[in-house]
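Reader: Hello! Could you walk me through this structure, step by step?

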Amino acid sequence: MSIHVLGIFGSLRQESSNRGLVLLAQKLAPAEVSFTFYDKIGSLPFYNEDLEDPSRTPASVIDWRNVVASADALFIAAPEYNFGPSAVLKNAIDWATRPMGQHVLSGKVISLISSSGGTGGAHMIEQLGGILGLLGNTVISEPNGQIAKGAERISPAGSTTDPAIQALVTDRMSALIATVHSTRH
Ligand SMILES: Cc1cc2nc3c(=O)[nH]c(=O)nc-3n(C[C@H](O)[C@H](O)[C@H](O)COP(=O)(O)O)c2cc1C
């Protein structure tokens with residue numbers, strides 16, 4: 001059975017290197033994987049519990065939840081901002097975790113990597129990885145997903161001049177697929 005991987009990037013920047021990492025993962029995905037990506041988290045409103053009233057829930061939120069629900073696994077590439085996750089990504093995660101008790105961001109296999117500045121996203125990976133784990137997902141943390149100053153070596157279209165980055169994305173995709181297979185048995 002085919003595996004559906006959803007790529008998500010946590011930066012809205014047009015030249016985003018994290019967008020590039022997701023596109024690179026899509027290129028490197030083996031044939032058994034159907035890899036799509038979601039590039040609209042920037043159009044989600046700020047989370048507001050009043051909008052959980054079904055008559056008021058925005059179409060963008062319903063679309064986002066449906067897309068997450070349809071995925072077996074997530075491949076997230078996101079920058080570190082001020083030693084944590086970007087607000088736009090955290091906002092999208094909050095939308096995906098409601099309504100309480102029937103939300104779509106649980107039971108997923110998730111790979112989290114980061115193209116950031118000097119830290120390579122170490123703090124962001126630790127914090128967001130912890131959050132996603134507490135939500136009931138299996139978070140893959142090996143091989144180490146920190147890429148320091150990645151924007152110098154990753155194009156937004158999904159190419160890289162650094163073989164180590166290509167190897168990291170290939171290895172992460174393999175780990176993601178192996179973990180999905182192991183959770184299906
Ligand atoms: C507001 C802001 C805060 C940042 N804080 C950090 C940080 O704490 N650690 C770090 O390594 N890089 C930090 N950076 C650098 C970004 O992670 C880096 O520019 C990254 O490449 C942006 O991702 P993108 O190329 O996908 O847009 C920060 C950048 C901005 C704009």
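Author: Gladly! Helices here are DSSP runs of H or I with at least four residues, and strands are runs of E with at least two, numbered from the N terminus. Please keep in mind that this is a predicted model.

Reader: How many helices and strands does the chain have?

Author: Let us follow the chain from its N terminus, where the elements run β-α-β-α-β-β-β-α-β-α-β-β-α. The secondary structure comes to five helices and eight strands.

Reader: Among contacts between residues at least 6 apart in sequence, what share joins residues at least 24 apart?

Author: A contact here means heavy atoms within 4.5 Å. Of the contacts you ask about, the share that joins residues at least 24 apart is 80%.

Reader: How many aromatic pairs does a search of the whole structure find?

Author: A pair of aromatic rings is described by the distance of the centres and the angle of the planes. Searching the whole structure gives a total of four.

Reader: Which parts of the chain does the pair of phenylalanine 9 and phenylalanine 37 link?

Author: The two rings are 6.2 Å apart, centre to centre, with 45° between the planes, and the pair is tilted. The partners lie 28 residues apart in the chain. Phenylalanine 9 belongs to strand 1 (residues 3-9), and phenylalanine 37 to strand 2 (residues 33-38).

Reader: Is phenylalanine 37 buried, partly exposed or exposed?

Author: Buried means under 20% relative accessible area, and exposed means over 50%. Phenylalanine 9 has 6%, so this residue counts as buried. Phenylalanine 37 has 27%, and therefore is partly exposed.

Reader: Why is the pair of tyrosine 38 and tryptophan 64 called tilted?

Author: Planes under 30 degrees apart would count as stacked, and over 60 as edge-to-face. The ring centres of tyrosine 38 and tryptophan 64 are 5.1 Å apart, and the pair is tilted because the planes stand at 45°.

Reader: What is the relative accessible area of tryptophan 64?

Author: Tryptophan 64 sits in helix 2 (residues 59-69), while its partner tyrosine 38 is in strand 2, 26 residues away. Tyrosine 38 is buried at 5%. Tryptophan 64 is buried too, with a relative accessible area of 2%.

Conventions. Residues numbered from 1 in each chain as written. Predicted model: local features only at pLDDT ≥ 70, side-chain atom pairs only at ≥ 80, totals over all residues. Heavy atoms only, no water. Phe/Tyr/Trp six-rings, centres within 6.5 Å; stacked < 30°, edge-to-face > 60°. Buried < 20%, exposed > 50% of the residue type's maximum accessible area, 1.4 Å probe, protein only.
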